[in-house]
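The sequence and structure are shown first.

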Amino acid sequence: MRLLAGLLMALAALPLAAQQTLPPAPYAYRQLEDPAQEAQAQELMETLRCLTCQSQSIADSDAPMAGDMRHQVRIRIAAGEEPEEIRSWLMERYGDYVSYEPVMSASTWPLFAIPLLLVLIAAAIFWRRFRKRA
Amino acid sequence: MIAEIGLAALWLAAALAALQLVGGLVAQRAGADAEIARLTRPAAILQGGLVAVSFASLLWVFAITDLSVKLVAANSHTAKPMIFKLSGAWGNHEGSMLLWVTVMALAGALIAAVERRLPEKTMQATLAAQSFVALGFYGFLLLASNPFERLAQPAAEGLGLNPLLQDIGLAFHPPTLYIGYVGLSVAFSFALGALLTKQVTPDFARAMRPWILGAWVFLTLGITAGSYWAYYELGWGGYWFWDPVENASLMPWLAATALLHSASVLASRDALRVWTIMLGVVAFSMSMLGTFLVRSGVLTSVHAFAVDPERGSFILFLLAIYIGGALLLFALRAGSISEGERFSVASREGALVVNNVMLSAILAVVLLGTLYPLLTEAFDVRVSVGPPYFNPVSAIFVFPMLAIMAVGPLLRWRRDSWGRISKEVALLVALLLAALVLFGLLAEVAILPLLGLAFAITLGVASFLPLRGRSLRRAPLSLWGMVLAHFGLAVALLGMASESAFSTEKLAALGEGDVTSVGPWEVTLEAVEPVAGPNWTALSGRMQVSYSGGEPVEINPQSRNFWAPAQQTAESVLLTRWNGQLYAVIGTQAPDGRWQVRLWWKPLVTLIWYGGMLIALGGILALIGRVRSDLRRRSAKRKGAARRLEMETVK
């Protein structure tokens, strides 16, 4: 019985294993020769979301898709593209969701307005509390 | 039979919680000596005992692997080592909720048994609040997640043998955090009790303080351990991802830190009454919110939450009642509580107010960044909020807080002048500027890590200044606790800033015999060999690594394939030197036969977790110091009372 279950599980796992044996794209796990370009690529990769993981950037994930995206970022940087061009290209393909870089837009303005409000509230609290004595 | 005992004990405990609630409420109208009101304390104590019996029953059915219990069949296995059978009891939804109410009931029993310094009526209101919260969670357990449910037909064998969960760190990480979460429920109950009776006194803060300290120590340890686990297990060298699950533990910690400081002001100066109450409410609210985020499935997707709504809605409902109710009570009563003693800006209290506001603002930023994507997802707009948002936005409040944290402890209570500590301030400012110039000019560090390095060094020195001119042996333990905790934060900050500023990364494709280097290390891949474990096979790299030309050391990073369930994990190797860590991972083989190897040299990275441990140690020292002086005060009071009695009989 247990053997059977094991076999079934192994069978179920096969397609997964087959997918993983595809070799990763060359620049998924290789750095660019030029350290300045690599630093640029690294900085960009840290702000791009791995779409198949939970809360990880493509710079720290083993997911095949993250590897492909790293490859894309590196060859495009090497070809002389600007990081922000690559970001907008990716955002066009995968939506705003792919970028961690906070951008002010119709759907994100509270993310900027609220911290600003917090600064004002903090200032108001100090003002009220210390006005009399200071 | 054992499972039924556990369930019966749980129902009885819930009934006692109801009695406790009624008793505590009646006391508010009829006075503390009403017959039913006097049952409040015994009900709390008995309830603690019953829940302990219930939890012990759960441990027992897991220990003997009683496969007729649904939870055991789904989460355990006869072949598991005993320690993981036991930890399996709380490594699942139902069991972890039972652990939650167990900690909560035991905490309630303990305050009912020992806490005598508050007016009896306030104590009864506190116990009523504690039972009110507990009742919701009893309901959740008994109606929506019964851990003792039987199967009609006992299972032949259990299902749970997930190798990844059989990790000693993972076995104790959740209970550590839970104890922290639930410990804050006591602070919450004290706050509600004080609001109900309008008795916000230094005694109230003193009664609450050991609980905040204890919960805070557990939260600190839980977060530190969780971060280290992510660091070595995920194989990419990251230690904090601003993941909602991580934020769920950080938010109660931030609130508890603010509460701790505010309660200290209330205990020693009878000021900041309203703040303390509010933070007491907020801290446990953050715990409940964290539990909701982790337990409801809302994190994988808002829509996944809607698919299995029963549990999620139940917790959301509890959340709304408790947080909403507590805030409502706060809004109604806060106006009638006076602020307490006044103080000037240049005073210990003034500095603590600034820090409390800053901590609350950081908390608000983390809360916003965590909830906002969930909120927009409900409207089908997907937004990513990650490190590029959290780091700079929280920094707006973190660095002012660190600055005040350096000088605040040097100020005197109530009224002081900056002139008195001008020498110390000048020293610290000079240190800060020197560090900024040094690292800014020599190392070209980015702005946040640069500020981090400079503030870490300054705060590291500043944290010991409160000890100046004191006899080190006679300084009270709680002072040492503060010094250590503040120093620990500086140490952790230095680790984070250094990791971010000075790490070097090397991704290399290496054939057998190839050499590469990362930072001061030279790395030779000698061979890659297959190895097998009990439920995995692995490719193990044999590498010789040498630190700046020194004696080579062999390390063996592995790429493991588990077969049930099929899963690939990278077993990274961490080689620690006093000044940092070498982090090595071996990946897959490229078509040309070379191996993909990832290497990092992370200077001072280990300080992050040593710092976390120092912070917790500081908390432990403060806790011991406070409890000891409480006990001493109590025995002095008793002796005084005895002597007075003696005098009167002599007369």
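In chain B, β9(B) and β10(B) form a hairpin with five residues between them, and B:G593 in the turn has a positive phi of about 90°. Helices (H or I, at least four residues) and strands (E, at least two) are DSSP runs, numbered from the N terminus. β9(B) and β10(B), the latter spanning residues 595-603 of chain B, pair in the antiparallel sense over eight bridges; strands count as paired if DSSP finds at least two bridges between them. Within this pairing, B:A584 stands opposite B:L599 in β10(B).

This is a predicted model: local features need pLDDT of at least 70, side-chain atom pairs count only at pLDDT 80 or more, and totals for chains, interfaces and linings use all residues. Residues are numbered from 1 along each chain as its sequence is written, while chains are lettered from A and ligands numbered from 1 in the order in which they are written.

The order β1-β10-β9-β8 describes an open sheet of four strands in chain B, with antiparallel pairing. β1 and β8 (573-577) of chain B stand at the edges, each with a single partner strand, so one side of each is left without a neighbour in the sheet. From one strand to the next, the twist averages 15°. Eight of the ten residues of β9(B) are buried, so β9(B) is largely enclosed by the rest of the structure. A residue is buried if 20 or more other C-beta atoms lie within 10 Å of its own, exposed if 12 or fewer, and partly exposed in between, with C-beta atoms placed from the backbone.

## Domains and nonpolar cores

An automatic or database domain assignment supplies the domain bounds. For chain B it gives domain 1 (1-163), domain 2 (421-502 + 609-651) and domain 3 (504-603). The centres of domain 1 and domain 3 of chain B, taken over C-alpha atoms, are separated by 47 Å.

A nonpolar core is a set of buried Ala, Val, Leu, Ile, Met, Phe, Trp, Tyr and Cys residues joined through C-beta atoms within 7 Å. The largest such core has 185 residues, and those with the most contacts inside it are B:V101, B:A187, B:I212, B:A255 and B:A256. Domain 1 and domain 2 of chain B both give residues to this core, so it lies between them. Apart from it lies another core, of 23 residues, among them A:A28, B:V518, B:A584 and B:W600.

## Chain A and the interface

Chain A has five helices and zero strands. Of its 134 residues, 25% count as buried.

Between the chains, 43 residues of chain B are in contact with 41 residues of chain A; contact requires C-beta atoms, placed from the backbone, to lie within 7 Å. On the side of chain B that touches chain A, the elements giving two or more residues are α13 (348-378), α14 (387-407), β1 (504-510) and β7 (566-571) of chain B. α13(B) gives the most, with ten residues. The residues of this side divide into 31 nonpolar, ten polar and two charged, where Ala, Val, Leu, Ile, Met, Phe, Trp, Tyr, Cys and Pro count as nonpolar, Asp, Glu, Lys and Arg as charged, and the others, Gly among them, as polar.

Key. Two residues are in contact if their C-beta atoms, placed from the backbone, lie within 7 Å. Axes are lines fitted to C-alpha atoms, for helices over the stretch in contact, and angles run from 0 to 180 degrees between N-to-C directions.
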